[in-house]
Amino acid sequence: MTLRLLKSFALSVDHKRVPISSSAQRLLAFLALQNMPRSRTYVAGTLWPDVTASRANANLRSSLWRATRTGHQVIDASAQELAICKHITVDIHAAATRAHRLLDMSHPCDDILTTQMREDLSADLLPEWSENEWVLVEQEQYHELRLYALEAMTERLTAAGRHGEAVAAGLAAVRAEPLRESAHRVLMNAHLAAGNRGAALRQYEQCRRVLLDELGLEPSPTLRNLVPPGGAAPEPPARRIVSRPASDAPAQGTDTSAPAGTVPA
C-alpha cells in the first residue's frame, strides 16, 4: 500500500486508487507526516484548532470511522495514540531521505541522479491544502529541502559532465523559486560547463530582470562574476539621493568626489 503526498493525495493498493473521504485523507496525511505515534488529544487539537475540545474529539472519531470504510487498515489506533500503519509506504519519506543524500557532498550518490529523482524534487507537498496551518509548516520545510537538493543535484551532474541533465535540474530549481539567486547560479555554471556562454548570459539577464521587477534588487557580485567575458553585465545604477539644503553640506574632510545627485554604487 502506498500513500502519495507529493503533487496531490492518493492512497493506492497495487497501483489502484483507494477511495477515502476528505476528512480521513487529512487525518492519514497528518499521521504520515508525523512519522511517529501521536496522542489523540494532540491530533484532534491540531487538525481542528478552532472548535471546542469535545467537538474536535468528535471530529476525530468520525474521521477514524471513515478511514475504516476504505476496507484496509491504514491507522493503528490505541486508546491514547494514533499512528499510520507501518506497511504503508509514504512517498515524501523516500524523497526526503534521497534529498538529504544529495546534500551530503562527502558521499557519492550516482544511483539517485535520475530523472525520477528530479521529478520527485520538482513537486511540492499537497499544494492544494494550503488552508491548514499544520500543512503550511510541513510544506515550507519540504520546499526548502527540495530547493537545496535540486541545486546539489545540478552541481553533481555538472561535475559528472552530464550537462543536459544538469541544466534540467537547474531549470527545475529556478522554476520552483525564481527569486533564488543560488538556483540561477548553479544553472549558469551548468551552461558554462557545457560551453554555452550565451545561455549563461541569458540566464543572468533573466535573473536580473526578475530581481529588479519583484524586489528592486540587482544580482549579487557573485552572480555577476559568472557572466562570460564580453557579456553585457551592467553594473547596478547609481542610487539617487535627495538634495540637501546648503546648511547640511558635508563637513570638512568628507569625500565629495561623487557626481552631484548620486552616490557611488
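## Cavity, sheet and surface patch in a predicted model

The structure holds 1 cavity of 30 Å³ or more. This is a predicted model, in which local features need pLDDT of at least 70 and side-chain atom pairs count only at pLDDT 80 or more, while totals for chains, interfaces and linings use all residues. Residues are numbered from 1 along each chain as its sequence is written, and side-chain values use heavy atoms, with hydrogens and water left out.

A cavity here is a set of points, on a 1 Å grid over the protein atoms alone, where a 1.4 Å probe fits but cannot get out; lining residues have an atom within 4 Å of a point. The volume is the space filled by probe spheres set on the points, which are joined across faces, edges and corners. The largest cavity has a volume of about 40 Å³. Its lining consists of Leu113, Thr114, Thr115, Arg118, Met153, Leu157 and Glu165. Helix H5 (115-121) and helix H6 (133-159) each supply at least two residues of that lining. Helices (H or I, at least four residues) and strands (E, at least two) are DSSP runs, numbered from the N terminus.

An open sheet is formed by 4 strands in the order S3-S2-S1-S7, with mixed pairing. Strand S3 (16-17) and strand S7 (89-90) stand at the edges with a single partner strand each, so one side of each is left without a neighbour in the sheet. Two strands pair if DSSP finds at least two bridges between them. Two antiparallel pairs are set out below.

| Pair | Sense | Bridges |
|---|---|---|
| S1 (residues 2-4) and S2 (residues 10-13) | antiparallel | 3 bridges |
| S2 and S3 | antiparallel | 2 bridges |

Arg4 stands opposite Ala10 in S2, and Val13 stands opposite Lys16 in S3. The hairpin of S1 and S2 has 5 residues between the strands, and Lys7 in the turn has a positive phi of about 75°. In the hairpin of S2 and S3, with 2 residues between the strands, Asp14 has a positive phi near 50°.

Leu179, Leu215 and Leu217 make a nonpolar surface patch of about 250 Å². Patch residues have over 30% relative accessible area and no salt bridge, and nonpolar side chains (Val, Leu, Ile, Met, Phe, Trp, Tyr) are joined within 5 Å. A salt bridge is a side-chain nitrogen of Lys or Arg within 4 Å of a carboxyl oxygen of Asp or Glu. Leu215 is found in helix H9 (residues 197-215). Leu215 is partly exposed, with a relative accessible area of 45%.

How values were computed:
Patches are made of residues with over 30% relative accessible area and no salt bridge: like charges are joined within 9 Å, nonpolar side chains (Val, Leu, Ile, Met, Phe, Trp, Tyr) within 5 Å. Accessible areas come from the Shrake-Rupley method with a 1.4 Å probe; for residues, only the protein chains shown count as cover. Buried means under 20% relative accessible area, exposed over 50%, partly exposed in between (1.4 Å probe, protein chains only). On a 1 Å grid over the protein atoms alone, a cavity is a set of points where a 1.4 Å probe fits but cannot get out, and a pocket is an open set with protein on both sides within 12 Å along at least five of seven lines; lining residues have an atom within 4 Å of a point.
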